[in-house]
Amino acid sequence: VRRLRNNSVKTTLKNLEKKVRSAKEEGSDNKDEILRQTQSVIHKAAKKGVIHKKTASRKISRLFKFMNA
């Protein structure tokens, strides 16, 4: 059960990260909203133990760095 839930959460994370990157490339208006949503999901995944706390921090940091570049 845990493995299935963890895989589901990880897949969601990957899809949201792709969504953020494509929103930046397209110049979408709601890219900040997508970024906040992604940040929230990453934090929740770390809280549940799906990913490590520092991995979550690193992912968020890299996404914000990408968006502000």
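Contact here means heavy atoms within 4.5 Å. Helices are DSSP runs of H or I with at least four residues, numbered from the N terminus.

This is a predicted model, in which local features need pLDDT of at least 70 and side-chain atom pairs count only at pLDDT 80 or more, while totals for chains, interfaces and linings use all residues. Residues are numbered from 1 along each chain as its sequence is written, and side-chain values use heavy atoms, with hydrogens and water left out.

**Helix pairs**

In the contact of H2 with H3, Lys31, Leu35, Thr38, Gln39, Ile42, His43 and Ala46 of H2 meet Lys53, Ala56, Lys59, Ile60, Leu63, Phe64 and Met67 of H3. These residues divide into eight nonpolar, three polar and three charged. Ala, Val, Leu, Ile, Met, Phe, Trp, Tyr, Cys and Pro count as nonpolar, Asp, Glu, Lys and Arg as charged, and the others, Gly among them, as polar.

H1 covers residues 2–26 and H3 residues 53–68. On the H1 side of their contact are Glu17, Val20, Arg21 and Lys24, which meet Lys59, Leu63, Phe66 and Met67 of H3. By class, this contact has four nonpolar, no polar and four charged residues.

The table gives the geometry of both pairs. Axes are lines fitted to C-alpha atoms, for helices over the stretch in contact, and angles run from 0 to 180 degrees between N-to-C directions.

| Pair | Angle | Axes |
|---|---|---|
| H1 and H3 | about 10° | 10 Å apart |
| H2 and H3 | roughly 170° | within 9 Å |

Angles under 35 degrees count as roughly parallel and those over 145 as roughly antiparallel. H1 and H3 are therefore roughly parallel to each other, and H2 and H3 are therefore roughly antiparallel.

**Helix H3**

H3 has 16 residues and reaches 23 Å from its first C-alpha to its last, close to the 22 Å expected at 1.5 Å a residue. The expected span is 1.5 Å times one less than the number of residues. Ala56, Ile60, Leu63 and Met67 of H3 are buried, where buried means under 20% relative accessible area, exposed over 50% and partly exposed in between (1.4 Å probe, protein chains only). The arc is that of the directions from the helix axis to the C-beta atoms. An α-helix has 3.6 residues a turn, so residues three or four places apart point the same way. Lys54, Arg62, Lys65 and Asn68 are exposed on the other side of H3. The buried residues of H3 pack against H1 and H2.

**Helix H2**

The end C-alpha atoms of H2 are 26 Å apart, in agreement with the 26 Å that its 18 residues should span. Ile34, Leu35, Thr38, Ile42, Ala45 and Ala46 are buried in H2. Their arc is 110° seen down the axis, so they line one face of the helix. Turned away from that buried side are the exposed residues Glu33, Arg36, Lys44, Lys47 and Lys48. The cover over the buried residues of H2 includes H1 and H3. Just after H2, Gly49 takes a positive phi of about 90°.

Glu17 lies in H1 and counts as buried at 17% relative accessibility. Leaving aside neighbours within four places in sequence, Glu17 is in contact with Thr38, Lys59 and Leu63. Arg5 is also found in H1, and at 41% relative accessibility Arg5 counts as partly exposed.

Conventions: Helix = DSSP H or I, 4+ residues; strand = E, 2+ residues; numbered from the N terminus. Parallel < 35°, antiparallel > 145°, perpendicular 65-115°, else oblique.
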